[in-house]
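Dear colleague,

I am passing on the structure below, together with some notes on what turned up in it. Please look through it first and then read on.

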Amino acid sequence: MTNETETLKEKTAKGLFWGGMNNGVQQIIGLVFGIILGRLLSPDDFGMIAMITIFSVIAIELQSSGFKTALANLEHPTANDYNSVFWFNVVVSLFIYVVLFFSAPLIASFYHQPALTSLCRYTFLGFVFSSLGQAQSAYLYKNLRTKQQAKSGMTAIILSNVVGAVMAWHGFSYWSLATQSIVYIFVSMLMYWHYSDWRPTFHWDFRPIRRMFPFSCKIMLSAILTQVNNNVLNILLGRFYSPKDAGNYNQAYQWDFKCFNLLQGMVQTVAQPVFVDLKGDGERQLRALRKLVRFTAFLSFPLLFGFGMVSHEFIVLAIGEKWSTSASYLQLLCIAGAFMPLSTLLYNMIISKGKSGTYMWGTLGLGLCQLVLLIAFYPLGIRTMIIAYVVLNIMWLMVWHWFVRRLTGYRFRSLLKDIVPFALAAFCTMALVALITQGIHHLVPLLITRVILAAILYYGIMRLSGAQILKECTQFILSKIK
């Protein structure tokens, strides 16, 4: 094994470690403050924010225009490349904010909520602050500075949640959620500046933008489509149902997102930089992909299936009986959530091959199928719409694999071999635990018993089956402790 290989493996391991640390801390903090905010605020408050989230996230993707991924896909990006991206992001974000500022009354009219006009104009400040840190974030990402990214994320999540909770305590309702989002973006931007070695200059040269744009524009469109896909139910429920219905769904989606993003964020931190480093060696690149797939499946299925199993107990105990409707939605969303990190790995491989157009068309196809299905099932109610959303997102993993197979030779049989054992082990574990504990009627002992028993049983199955990924994870953790 060469020193280069060992160095890359060490970078990948450290990246996964710090990516996991970052996402773990963020999700724990998000869990604590999510409970606090869930108790202090109403479904209507969350619904107000859910209805306009799509505009903020699309604006962020427009101003970033996929250049973070484009910079990561360059083997040796220069200071001029980063500088060009920085000024492009700033100029575009200011233009978009002006457009959305004057469009706010139209957004409020679409949802039949006049209060959204001022809320939009305030919340949309977040993507202006975001533009100031995009190039610095790209620099850290490209150079696998995962430790610095982790510290930035952890600092931002702590400060923003404290501000949001204090405002909610003092009765600021949905304004507390909007401020929380802005503070998170602003603090993240400051931390990226603190840790990044690169600084912008007033040298205006947009030639690198023109050079990267054919690749980055497809990433941008894909990112926008992904955000629309993720928020399509928020949009439809906000338009055709009440803010309370939108709030109940959004609460379930946010908890599901916190859970699967724990892993998705971890693998996203290292996937593309590692795949790009191995671009010249297809065999090693495929081995790296399969190993990451097994690692992700090993954690994703027990985590999400387990969370779905305890969703009712968790929601009622954590944020109250008023959110019980969200618990039934969360149980369904967790099934799709288990597959989300795996899809992330596959489309990162597609991007690393320079096929941003393939990624864009795949995302567009998912969005169109999703929209048609949800509108078709709209008369059958919210729960049926969620089931359709879940089934489609699971099936789309096969679409991403089809593209990856054509690019790398990753056979379908190999994919099943990499994920099915973990999925079956997790499913059987949760089914057995649910059966064993069905006689427990008090929520607190039921939640604790299910979590502990599921962890023991799954670990035991992995040990008895001799899962190699368990041995490698254990060895890495022990080496870190030493």
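How many helices and how many strands are there in the chain? The chain has 20 helices and zero strands, where helices (H or I, at least four residues) and strands (E, at least two) are DSSP runs numbered from the N terminus.

Two remarks on how to read the rest. This is a predicted model, in which local features need pLDDT of at least 70 and side-chain atom pairs count only at pLDDT 80 or more, while totals for chains, interfaces and linings use all residues. Residues are numbered from 1 along each chain as its sequence is written, and side-chain values use heavy atoms, with hydrogens and water left out.

**The chain as a whole**

For 482 residues, a compact globule would have a radius of gyration near 23 Å, and the 22 Å of the chain agrees with that; the radius is taken over C-alpha atoms, and the globule rule is 2.2 Å times the number of residues to the power 0.38. Along the principal axes, the C-alpha atoms fill a box of roughly 70 × 65 × 45 Å. Of the 482 residues, 56% count as buried, a word that means under 20% relative accessible area, with exposed meaning over 50% and partly exposed in between (1.4 Å probe, protein chains only).

The accessible surface of the chain comes to about 21100 Å², and 68% of that surface belongs to carbon and sulfur atoms; accessible areas come from the Shrake-Rupley method with a 1.4 Å probe, and for residues only the protein chains shown count as cover. Among contacts (heavy atoms within 4.5 Å) with a separation of 6 or more, 84% are between residues 24 or more positions apart. As for charge, the chain carries 38 positive and 19 negative side chains, and the centres of the two sets lie 3 Å apart. In that count Lys and Arg are positive and Asp and Glu negative, with His and the chain ends not counted, and the place of a charge is taken as NZ of Lys, CZ of Arg, CG of Asp or CD of Glu.

**The interior**

The largest nonpolar core has 132 residues, and those with the most contacts inside it are Leu116, Tyr249, Leu289, Phe301, Ile386 and Tyr389. Helix α4 (residues 79-111) gives the most to this core, with 14 residues. Such a core is a set of buried Ala, Val, Leu, Ile, Met, Phe, Trp, Tyr and Cys residues joined through side-chain atoms within 4.5 Å. Once neighbours within four places in sequence are left aside, Leu116 is in contact with Met48, Met51, Ile52, Ala108 and Tyr111.

Helix α7 (residues 134-142) is largely enclosed by the rest of the structure, because nine of its nine residues are buried; among them are Gln134, Ser137, Tyr139 and Lys142. Ala252, in helix α11 (residues 243-277), counts as buried, with a relative accessibility of 0%. Not counting residues up to four places away in sequence, Ala252 touches Ser326, Tyr329, Leu330 and Leu333. Ala252 and Ser56 are 196 residues apart in sequence and 20 Å apart in space, C-alpha to C-alpha.

**Helix positions that are partly exposed**

Val91 has its place in helix α4 and, at 43% relative accessibility, counts as partly exposed. From C-alpha to C-alpha, Val91 and Val128 are 9.4 Å apart in space and 37 residues apart in sequence. Pro421, found in helix α18 (residues 412-436), is likewise partly exposed, at 44% relative accessibility.

**Loops**

Which residues here deserve a look at their backbone? His112, in the loop between α4 and α5 (116-123), has a phi near 60°, a positive value in a residue other than glycine, and is exposed, with a relative accessible area of 53%. Ser173 also has a positive phi, of about 45°, although it is not a glycine; Ser173 lies in the loop between α8 and α9 and counts as partly exposed at 22% relative accessibility. That loop, between α8 (146-169) and α9 (174-195), also holds Gly171, which is exposed with a relative accessible area of 59%.

With best wishes
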